[in-house]
Amino acid sequence: MSQETVARRERRHRRRSTTLLVVTIVAAVVAVACVGAAVVVRADSADVRRQAEPVHRELRDVAANAVDAERRLATLRASSREATSALTALLTAFAAQVDGANQAVDAANQAVDRYNNGQASVGDAFRAVGDTAVVAVKERTAAVDAAVAAAESALKALATAGG
Amino acid sequence: MLAIAGAAFLVQSLRVHADARTDLTHARRELRTERSTRSTASAELAKARRVVRAIKPQLTAMASDAAALGTLDDQDLAAVQAAFAAGLAGDLSAYNIAVTQRSALDGQHDASLEELRKTANAVIGVLDTLRG
């Protein structure tokens, strides 16, 4: 092997070594740059997560408050509906009691008229009209008492729900 | 290998960052929506409570007025029963006393009932506005 050939091989070997060294250095720089950039990105991600944390907390609070407001509104509306129907029933019960009492008065007047016209004694005249009217007044008065109790309860519940 | 690992680490970090950003944007959007929903529910609740508070004196008064009227009805029933009992017994004097007692209740009963009816109808009208 000539000296010239040996020298050419050595030059070629040096060039390869130099290229490999350069490639290695570039790769190391790229790796370090990537890691550096990744660390910066990760730090920023942590900041973003920290920003999101209070937003999530507020979101939970807002949702809980909204649910609570809807629940209280539903309760108030239900109490309102119950109060309305209890008041309507109360007025109906009072009107029925008045009608019943008027019918009883009519029946008593009929009996008294029979007595005044000499058609019967007082006792017979009242026995003739019977006690149907009195029983009706009794039942309707009991219905009034029940309606009053229901209305009191419904009105109290509504006043409480209204705060 | 080191460069590839570094690049992969960077890509992974960018993904994490994008996820965090998406999560933040989503949470903010959801918060805006929830706030508008809450403000609607809260406003309706506040309005309903104002309405009920405004008629609270009538609610309280009606409860006691109804009880008082119920007592008048009980007295009315007692007078009617007494009148019929006296009539059946042929006791005209007792009958007349019972009729007089009942007549004495009439004016107060009618006035109280009319007052209660007016108040109740007004309250029912107000409560109708609360229907959702």
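A crossing is left-handed if the near helix is turned anticlockwise from the far one by less than a right angle. I start from that because the crossing of H1(A) and H3(A) is left-handed. I note that this is a predicted model.

**Helix pair in chain A**

I looked up how H1 and H3 of chain A pack. H1(A) spans residues 3-116 and H3(A) spans residues 132-161. Their axes lie 8 Å apart, at an angle of about 160 degrees. Angles over 145 degrees count as roughly antiparallel, so H1(A) is roughly antiparallel to H3(A). I then sorted their contact by class. I found 27 nonpolar, seven polar and two charged residues.

**Contact between the chains**

Next I turned to chain B. I count 62 of its residues in contact with 64 residues of chain A. On the chain B side, helices H1 (2-54), H2 (56-88) and H3 (92-128) give two or more residues each. H1(B) gives the most, with 31 residues. By class, the chain B side has 35 nonpolar, 11 polar and 16 charged residues.

**Nonpolar cores**

The largest nonpolar core has 32 residues. Leu90(A), Ala151(A), Leu155(A) and Leu158(A) have the most contacts inside it.

I checked Ala151(A) by itself. Leaving aside neighbours within four places in sequence, Ala151(A) is in contact with Ala86(A), Leu87(A) and Leu90(A), and with Ala63(B) and Ala66(B).

I also found a second, separate core of 23 residues. Among them are Ala111(A), Phe126(A), Leu77(B) and Tyr95(B).

Definitions and conventions. Residues numbered from 1 in each chain as written. Chains lettered and ligands numbered in written order. Predicted model: local features only at pLDDT ≥ 70, side-chain atom pairs only at ≥ 80, totals over all residues. Axes fitted to C-alpha atoms, helices over the stretch in contact; angles between N-to-C directions. Helix = DSSP H or I, 4+ residues; strand = E, 2+ residues; numbered from the N terminus. Parallel < 35°, antiparallel > 145°, perpendicular 65-115°, else oblique. Nonpolar A, V, L, I, M, F, W, Y, C, P; charged D, E, K, R; others polar. Contact = placed C-beta atoms within 7 Å. Core = buried A, V, L, I, M, F, W, Y, C linked by C-beta atoms within 7 Å. Buried ≥ 20, exposed ≤ 12 C-beta atoms within 10 Å, placed from the backbone.
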